[in-house]
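Notebook open, structure loaded. I'm jotting down what I looked up, in the order I got to it.

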Amino acid sequence: MNYRIAYIIYCIRKFAEHFGITVKESFDYLHKYKGIKFLDDCYEAEHTLSFDDAVDDLTAVCLKHGGYLS
């Protein structure tokens, strides 16, 4: 479980860096548009990919759920 939490936190940071937003804004956005749920539900597959791929996947998932960052 600790690795999963660390992975999710790092993905939140990478997402923030990619879009030039704060970590809090990143967390709030990913929580609102189901990105964090996606990372938790799909951890087994996602953690084997690069962080760039994870950011791309998060972007797609959030857009699907009404997000606006792309």
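I started with H1 (residues 2-19) and H5 (residues 51-64): their axes come within 10 Å and cross at roughly 75°. Axes here are lines fitted to C-alpha atoms, for helices over the stretch in contact, with angles from 0 to 180 degrees between N-to-C directions. H1 and H5 are therefore roughly perpendicular (65 to 115 degrees). Helices are DSSP runs (H or I, at least four residues), numbered from the N terminus.

H1 brings Tyr7, Tyr10, Cys11, Lys14, Phe15, His18 and Phe19, while H5 brings Phe51, Ala54, Val55, Leu58 and Thr59. I sorted this set into nine nonpolar, two polar and one charged; Ala, Val, Leu, Ile, Met, Phe, Trp, Tyr, Cys and Pro count as nonpolar, Asp, Glu, Lys and Arg as charged, the others, Gly among them, as polar.

The model is predicted, so local features need pLDDT of at least 70 and side-chain atom pairs 80 or more, while totals for chains, interfaces and linings use all residues. Numbering runs from 1 along each chain as its sequence is written, and side-chain values use heavy atoms, leaving out hydrogens and water.

Last, I checked His31 in helix H2: at 54% relative accessible area, His31 is exposed (over 50%, 1.4 Å probe, protein chains only).

Note on methods: Helix = DSSP H or I, 4+ residues; strand = E, 2+ residues; numbered from the N terminus. Parallel < 35°, antiparallel > 145°, perpendicular 65-115°, else oblique. Contact = heavy atoms within 4.5 Å. Buried < 20%, exposed > 50% of the residue type's maximum accessible area, 1.4 Å probe, protein only.
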